[in-house]
Amino acid sequence: MTVQITSPKFKKNARAALKDAQLQRALGKVEAGFIGKRRAVASRLPEFEVLRDLARDIKDHTLAHLDLYLEAYERRVTEEGGTVHWAATAEDARRIILDICKRREAKTVTKGKSMIAEEIGLNDHLVEHGIAPVETDLGEYIIQLRNEAPSHIIAPAIHLNRDQIEADFRRSHADLPAERNLDEPASLMAEARAVLRAKFLAADVGITGANFLIAETGTSVIVTNEGNGDLTQILPKTHIVLASIEKLVPTLEDVTTILRVLARSATGQEMSVYTTFSTGPRRAGDPDGPEEYHVVILDNGRSSMIGGQFREMLRCIRCGACMNHCPVYGAVGGHAYGWVYPGPMGAVLTPSLIGIDKAGHLPNASTFCGRCEEVCPVRIPLPKLMRYWRDREFERHLSPATVRWGLGLWALFARRPWLYRPATRLAMKTLALFGGRRGRMHWLPLAGGWTRHRDFPVPERDTFQAQWKKHRAEEARKKAQAEAEAVEAGKAGEKAT
Amino acid sequence: MAEVTGPRPRVGLFVTCLVDLIRPKIGFAAAKLLEDAGCTVEVPSQSCCGQPAYNSGDRATTRQMAERVIATFESYDYVVAPSGSCAGMIKLHYPELFAGDAGWQRRADALGARTFELVSFLVDVMKVERVNVIYEGTVTYHDSCSGLRELGIREQPRKLLGSVAGLTVAEMKDADVCCGFGGTFCVKYPEISNAIVEKKAENIVATGAPMLLAGDLGCLMNMAGKLQRMRKAVAVRHVAEMLAGMAREPAIGEPPKTGGA
């Protein structure tokens, strides 16, 4: 489906998500399914941290020479008999794909999992033009039945539980016997597989994304766990690869390096079950493969990131580790972010793609705990990049007035210690008086966001700086007194002798 | 690393706004620990490191505050803060803030190199091996994010807590996961912050420890406030209070002792 942008309503979305008991249960799976597995698999690989450095360096190098690698890639694809199409915008990409589908008289299109397809709203576009897209990744298939957007970039249906999926299958597969047993995840999987098998065979065009495009060989690479990607790209007569410009890497060897951190960071697997390399259409003598091989390379605003502050974001290999480890994502899930890319990577990327005026909440909805950066396989400094967005919002006066006024007032005092010290002393004494002797307050004026959920401690009766001054003065007085007494004692001693 | 002038390094205590305003005890605990470790402690007139402005995108205000902090503290051998978050701001983010302004950047770099969070300063710089404190009981320890991930503070507090006679540290699940405070985050997104601190509070309570310690007052106030609202009997204190032998004083949010000062 075309993802409607609801990022401006992030707060409202988040509030609804926090109240959604089913969603909250489902979010528990993120922690159980990803975090421990990643930690275990990373700790088993002594060179994991070095591989992260290498992966970062490969991506940095590629971005520094992206024009050359894109041209080299196009040349190689062409030599292998494929066609590269350049799409500057989402609209361009939709048009190019639709044109290919129309020319091939496609009625059914199978799709491997592709976040770029979500980004450009491909499915709706195809449906509008009488072509039926069928998602073949199990998670994507489920959310397509529900007409929902993915809530996670590698586990699109993670927000759902088994009961919901069973209900969706019973509703959508009405031709199957009503009394069939769908109690086990395996039976759901078997049913999806049987339904999809027919679609694979009927498809006229197969569309996949790409985890990598290799300049050296003109190859596109997908990593999957279900094998659906292979059936999507081998069985139909036409294979369209849809990928964004930053998927380029120079060589096969570079891909093998990055693959070693990708699955480990994503699912905690050493390797994904399938890693599929596709180069051009079927050659004479090949047992299978498409007649036509197209690659649609999307820019959609990315090239403008290359020369700017957000360039490092283009290193992203879409593993999802940042969202798996994000406390905010863990609390509200992916849909709250209101567009295609959730979590910390979305908080940086989304404003670049749809504008900070629409996505303003996203880089702010972070505690800056730094766990995303800690686990990112290509070491993207996500908190720093989110802060850059906050800078821009502040410069453009997009940050909320309350924040600006609050900060301004605080700065007014904090910049002037001669004013700050007496003012804060007075404020804390007042607060202490207001708080009385209970030790804490259940309600505090202007701090409803805090006291709605937590108590606030009553401050000690004076500031540290004031107490310290007194303490030091008292120490000095005692010292002087002791010295005076010693002198007196000495004099008395002299007299006595 | 700074040259230490004379046998007793002069430490400028950057007490942090929250400690200054809400819980001065922590400042006294920090001063005691520093003096016990052989430092001369001074508290120059100060306010905020500028982090709230920095994280809200207001670089101009941040710079003004940072310049004041640098000018105030650069004459000391070390700057020490009882907070990983504020120490991290001075140590790591000031140099970033002044990038491209050679004069200020040099001063920011120089100050950053001499700025430390309290407990890591005691262990890593002053080579403190143990504290002379007796406390019979069990505590659990929360790793505040900035200290943990920006400054690598993990073993230092555990090491010193391990030297408190009679004290057991019961590790909680996900001690290294954010408590949901996040500075201005907790007031900008109160419901999300609450959901995160609820999980944290459950992990704290599950240890059975009657006391929670951590190294940042913001996180401590957040967790204490939540535990109290949940009516859980967990006393919450800054780790410096325990290490300075002040853990019998009223905990965060507890009423002052009657009759006492």
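**From one bridge to the chain contact**

Student: Which residue in β6(B) is the bridge partner of B:Gly137?

Tutor: In β6(B), B:Gly137 has B:Leu167 as its bridge partner. Strands here are DSSP runs of E with at least two residues, and helices are runs of H or I with at least four, numbered from the N terminus.

Student: How many bridges do β5 and β6(B) share, and in which sense do they pair?

Tutor: β5 of chain B, residues 134–141, pairs with β6(B) over 4 bridges in the parallel sense. Two strands count as paired if DSSP finds at least two bridges between them.

Student: What about the order of the whole sheet?

Tutor: The order is β6-β5-β7-β8 in chain B, 4 strands forming an open sheet with parallel pairing. At the edges are β6 (165–169) and β8 (235–238) of chain B, each pairing on one side only. Neighbouring strands are turned by 35° against each other on average, direction ignored.

Student: Which helix packs on it?

Tutor: That's α12 of chain B, residues 217–229, which touches β7 (211–214) and β8 of chain B. The direction of α12 makes about 175° with that of β8(B). Axes are lines fitted to C-alpha atoms, for helices over the stretch in contact, and angles run from 0 to 180 degrees between N-to-C directions. Contact means C-beta atoms, placed from the backbone, within 7 Å.

Student: New topic: how far can I trust this?

Tutor: It's a predicted model, where local features need pLDDT of at least 70 and side-chain atom pairs 80 or more, while totals for chains, interfaces and linings use all residues. Residues are numbered from 1 along each chain as written, with chains lettered from A and ligands numbered from 1 in written order. Chain B has a mean pLDDT (the predictor's confidence in each residue, from 0 to 100) of 95, and 96% of its residues reach 70 or more. Residues 1–5 of chain B stay under 50. The model scores ipTM 0.95 and pTM 0.95.

Student: And how many residues does each chain bring to the contact between A and B?

Tutor: Chain B brings 57 residues and chain A 51. On the chain B side, α12(B) gives the most, with 7 residues. By class, that side has 28 nonpolar, 16 polar and 13 charged residues. Nonpolar covers Ala, Val, Leu, Ile, Met, Phe, Trp, Tyr, Cys and Pro; charged covers Asp, Glu, Lys and Arg; the others, Gly among them, are polar.

Note on methods
Two residues are in contact if their C-beta atoms, placed from the backbone, lie within 7 Å.
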